[in-house]
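Here is a briefing for a reader meeting this structure for the first time. Look at the fold first, then follow the points below.

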Amino acid sequence: MQKFLNQYHYISTSRSGNHNVDLAIRRFQRFAGLKVTGKLDLATIDQMKKPRCGLPDDVAGGGRVRRYKTGPKWSKKSLTYFVEYGEDLSQYQQDIIFQKALQFWSDVSGLSFSRASSSSAADIKISFGAATHGGSSERTCAYPFDGQGGVLAHAFFPSDGRAHFDEDEEFTDNTPKGTNLLWVATHEFGHSLGIDHSDVQGAIMYPYYTGYVEGMKLHSDDIAAIQSLYGNVLEFVGLFVFVFFSLLLFLFFTTTFMPCDSCSIIRPYMLSTG
Ligand SMILES: [Zn+2]
Ligand SMILES: [Zn+2]
């Protein structure tokens, strides 16, 4: 339990921050959406055993409103990715899943994604590994995986770009069995783009694996998070429409209100002033 609270930063790893176990339990219960008792009850212990993302939860602020949190972001909108495939699904299936997971984020932001020719050339470096792991172009990851269950995957904020999946899980597609790769990938890519864990249950960025959902999509909290970092697709369309109509209006007025006797719109004005 103490290890869990340390691992996910409910107890601070540095000298400053929280070292009070009761407070850590209360914060954990609040973040996970449990009844806040400050005691290690059954529901709390159960929640700690659930499969989840390996990244810690940022609970330092702990605002009253449940919502997303964000970290650093990319300074560009066109990003590349490279896949070092896992063993559970075909490469074809994994290609489609990763593409879909990235598209969830690009569909609602100004971001775009394309394949890189190598891991070292990619912004987002996707790889699988058990226990001690790390992609082919990377140093050994400082956070070893823990076998089946527990930590499913983890990813690093911009501009690191590493996204690691625990090969000891059984990643699946379109079935309630095993661990749904699309859900985990979409969550991890959220981190790769700079989004932290959200305490909104039902959000993709909630740290606990919520299982296979047919027709999975982003929660409004996830959309608000990505748009707070990179803006909105509609903003780009909106800007275009605004410029287009401004130009049209400008042309209309410059041609219509040119002083001319035959102009029907301006004539009443000219008559009234003599
Ligand atoms: Zn996570
Ligand atoms: Zn790792």
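Two residues are in contact if their C-beta atoms, placed from the backbone, lie within 7 Å. By that test, H9 touches P56 and D57, leaving aside residues up to four places away in sequence. The model is predicted. Its protein chain has eight helices and eight strands.

**Overall shape**

- The radius of gyration of the protein chain is 25 Å. The globule rule gives 19 Å for 274 residues, and 25 Å is well over that, so the chain is more spread out than a compact globule.
- Along the principal axes, the C-alpha atoms of the protein chain fill a box of roughly 90 × 45 × 35 Å.
- Of the 274 residues in the protein chain, 31% count as buried.
- Take the contacts in the protein chain between residues at least 6 apart in sequence: 64% of them join residues at least 24 apart.

**The annotated span**

- The UniProt record, an unreviewed entry, carries the annotation "domain: Peptidase metallopeptidase" for residues 70-232.
- Residues 70-232 are 24% helix and 18% strand.
- The end C-alpha atoms of this span lie 16 Å apart.

**The sheet**

- Six strands form an open sheet with mixed pairing. Their order is β1-β5-β6-β4-β2-β3.
- β1 (52-53) and β3 (112-115) stand at the edges. Each has a single partner strand, so one side of each is left without a neighbour in the sheet.
- β1 and β5 (residues 151-155) run parallel and are joined by two bridges.
- R52 has V151 in β5 as its bridge partner.
- Helix α5 packs on the sheet. α5 touches β1, β4 (124-129), β5 and β6 (162-166). The direction of α5 makes about 30° with that of β5.
- In general, strands of a sheet pair through backbone hydrogen bonds, either parallel or antiparallel.

**Helix α5**

- α5 covers residues 181-192. At 1.5 Å a residue, its 12 residues should span 16 Å. The end C-alpha atoms are 16 Å apart, which agrees.
- 11 of the 12 residues of α5 are buried, so the helix is largely enclosed by the rest of the structure.
- The buried residues of α5 include L181, L182, H187, E188, F189 and H191. V184, A185, T186, G190 and S192 of α5 are also buried.
- G194 follows α5 and has a positive phi, near 110°.

**Helix α2**

- The 12 residues of α2 should span 16 Å at 1.5 Å a residue. The end C-alpha atoms of α2 are 16 Å apart, in agreement.
- A24, I25, R27, F28, Q29, F31 and A32 are buried in α2.
- The cover over the buried residues of α2 includes α1 and α3 (42-49).
- G33 follows α2, and its phi is positive, near 85°.

**H9 and its surroundings**

- H9 sits in the loop between α1 (2-7) and α2 (21-32).
- H9 has 19 C-beta neighbours inside 10 Å, so it counts as partly exposed. A residue needs 20 or more to be buried.
- H9 and A60 are 51 residues apart in sequence. In space they are 8.9 Å apart, C-alpha to C-alpha.

**Backbone details in the loops**

- P158 and S159 are joined by a cis peptide bond, with omega about 0°. S159 lies in the loop between β5 and β6.
- A131 has a positive phi, near 45°, and is a residue other than glycine. A131 is in the loop between β4 and β5. With 11 other C-beta atoms within 10 Å, A131 is exposed.
- N174, also a residue other than glycine, has a positive phi near 60°. N174 is found in the loop between β7 (171-172) and β8 (179-180).
- Why does N174 count as exposed? N174 has 12 C-beta neighbours inside 10 Å, and a residue is exposed if it has 12 or fewer.

Key
Residues numbered from 1 in each chain as written. Chains lettered and ligands numbered in written order. Predicted model: local features only at pLDDT ≥ 70, side-chain atom pairs only at ≥ 80, totals over all residues. Helix = DSSP H or I, 4+ residues; strand = E, 2+ residues; numbered from the N terminus. Expected span 1.5 Å × (residues − 1). UniProt positions renumbered as here; feature names shortened; annotations may be inferred. Pairing = 2+ DSSP bridges. Axes fitted to C-alpha atoms, helices over the stretch in contact; angles between N-to-C directions. Rg over C-alpha atoms; globule rule 2.2 N^0.38 Å.
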